[in-house]
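Dear colleague,

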Amino acid sequence: MIKKTLALSSSFAIANIYPSVKLFRRLSRLMKPDVEKLHKVLDEILDEIIDEHRMTDSRGSERREDLVDVLLKHNEPGNVNFLTIENVKAVITDMLFGGIDTSALAADWSMAEMMRYPEVLKEAQDEVRRVFKDKDGIDEAGFDQLDYLKMVIKEALRMHPPLPLMLPRANSEACEINGYKVLANGWGIVNAWAIGRDPKIWEDPDPFKPERFRDNAVDYKGLNFEYIPFGAGRRICPGISMSFALVMRLLATLLYHFDFALSREYR
Ligand code: HEM
């Protein structure tokens, strides 16, 4: 697949993934019974989760309302935004598959880079401990004040986008990019990893420097094509706010309660 990559510029690389599409098709044919089995198991797990929620309705009970409760309200007859039970299952599955590994990777890389750069770790930790000093615990109300930690996460997403080759997309019309003709319905993948490391865009791209995002309007919301860890356009990741809140909470909690240092053999 690497050989087939058309380098449209050093950063915007669209790969001709046809051979891999063929491979995936073949693999999925080969593994069809396994995939069907897996699908059945996942469906049973989702049924169990839904039954459990229906049996212990959060309304009027001690249990706190969660996402499944909210989705199930939309499955009640008469709801203007009615969701079928299949829709409910699809949303839960999307969140499980789209949200867990990606957010965990963002947190892992932020932690790993902070360990490699102790001065960054110290600054992030000082900030978290200052902001939550007189509070009971880490709460979202303080997140607005965690400017440096936000920069750490942004920098980790620049260097280590959890979906480095994003999701394959097909263009609806033929077009030309940097002199390369791309046919209609041509499949392409955008290499977010290469964009984040492109020295034409990012000065000195290799070191981990959260400060590059200080007073820098570049954001991950899909409007700055030099920085697209969550994608862009109408299929941009719908979980941006949630994932940022998740990763902030996790990192802030770790930094607040624990001290970290690399063991001697890794220094
Ligand atoms: C740091 C965490 C995350 C990163 C880096 C990330 C990144 C991405 C990227 C690059 C895409 C493809 C966008 C495109 O092709 O333009 C995507 C799609 C998606 N993400 Fe995320 N994501 C994260 C967290 C989440 C969370 C927490 C959820 C759900 C709660 C989620 C749900 C989805 C879904 C459902 C899609 C498919 C959207 C569509 O095709 O219409 N993601 N994500």
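Searching the whole structure gives 15 salt bridges, where a salt bridge is a side-chain nitrogen of Lys or Arg within 4 Å of a carboxyl oxygen of Asp or Glu. Please bear in mind that this is a predicted model, in which local features need pLDDT of at least 70 and side-chain atom pairs count only at pLDDT 80 or more, while totals for chains, interfaces and linings use all residues. Residues are numbered from 1 along each chain as its sequence is written, and side-chain values use heavy atoms, with hydrogens and water left out.

One of the salt bridges joins the side chains of Arg214 and Glu123, at 3.9 Å from N to O. Arg214 sits in the loop between helix H7 (192-196) and helix H8 (240-257), and Glu123 in helix H5 (residues 118-131), so this pair ties together parts that are 91 residues apart in sequence; helices here are DSSP runs of H or I with at least four residues, numbered from the N terminus.

Asp219 takes part in a salt bridge with Lys154, with the closest N and O atoms 3.8 Å apart. Because Lys154 lies in helix H6 (residues 147-159) and Asp219 in the loop between H7 and H8, the pair ties together parts that are 65 residues apart in sequence. Lys154 is buried, at 11% relative accessible area, whereas Asp219 is partly exposed at 22% (buried means under 20%, exposed over 50%, and partly exposed in between, with a 1.4 Å probe and protein chains only). Asp219 also forms a salt bridge with Lys221, at 3.9 Å between the closest N and O atoms, and Lys221 is exposed at 52%.

Best wishes

How values were computed: Helices (H or I, at least four residues) and strands (E, at least two) are DSSP runs, numbered from the N terminus.
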